[in-house]
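Me: Please take a close look at one part of this structure. Describe how that part is built and what lies around it.

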Amino acid sequence: VADGDIVFGTAGKGIVLGATSNTDANTLDDYEEGAYDITVTCGTSGTVTLNSSQNSGTYTKVGRLVHVCGLVSVSSVSSPSGFFALNLPFTPANLAERRADSTATLVIANGTNANSSDYMGIINENNANIFVQLGDNKTLQNDSAEELQANTDIAFSASFHTAT
């Protein structure tokens, strides 16, 4: 169509890339952009409340590949303990040999003590969260939630594969 969209008349169709026949591996059949509400959960106990004007992220999904990013701001905390996690808009795939595990880039400002470079974001297969831990010499520690306080800003960016 010279002046409009290409629309497939049947569900399950897509654009075939790099092949002469339609195979699932070479068919682009999903593209989506959007925003989603972010929640912060504590691994052991406590709560973290986000500023209502700064509590969402954005995503782009192309096929099975999802990229998310955003900046959220903590408005209050109540005895946060353990690691903290940011939710994702889609559940990561569950593949053999943990091939769907991924990482997130994080910058956390105005926390209580830790250097902003000490935070590590991990995405585990089949779990729709970025788990945030603190690096301590050679190991990861599950005490990142204890570093959050009112006015802590959390910027993040991550890419991962979904199941479909």
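Reply: I6, F8, I15, L17, L28, Y31 and V62 make a nonpolar surface patch of about 680 Å² (Val, Leu, Ile, Met, Phe, Trp or Tyr side chains within 5 Å, each residue over 30% relative accessible area and without a salt bridge, that is, Lys or Arg nitrogen within 4 Å of an Asp or Glu carboxyl oxygen; areas by Shrake-Rupley, 1.4 Å probe, only the protein chains shown as cover). The model is predicted, so local features need pLDDT of at least 70 and side-chain atom pairs 80 or more, while totals for chains, interfaces and linings use all residues. Numbering starts from 1 along each chain, and side-chain values use heavy atoms, without hydrogens or water.

I6 counts as exposed because its relative accessibility is 67% (exposed is over 50%, buried under 20%, partly exposed in between).

Another member, V62, belongs to β6 (residues 56–62), on the uncovered face with S56, T58 and T60. The covered face of β6 holds G57, Y59 and K61. Side chains in a regular strand alternate between the two faces of the sheet.

β6 is joined to β3 (residues 31–37) in the antiparallel sense by seven bridges (pairing takes at least two DSSP bridges), and D37 has S56 as its bridge partner. β6 also pairs with β7 (residues 65–81), again antiparallel, over six bridges, with K61 opposite V66. Two residues separate β6 and β7 in their hairpin, where G63 takes a positive phi near 60 degrees.

Conventions. Buried means under 20% relative accessible area, exposed over 50%, partly exposed in between (1.4 Å probe, protein chains only). Helices (H or I, at least four residues) and strands (E, at least two) are DSSP runs, numbered from the N terminus. Patches are made of residues with over 30% relative accessible area and no salt bridge: like charges are joined within 9 Å, nonpolar side chains (Val, Leu, Ile, Met, Phe, Trp, Tyr) within 5 Å. A salt bridge is a side-chain nitrogen of Lys or Arg within 4 Å of a carboxyl oxygen of Asp or Glu.
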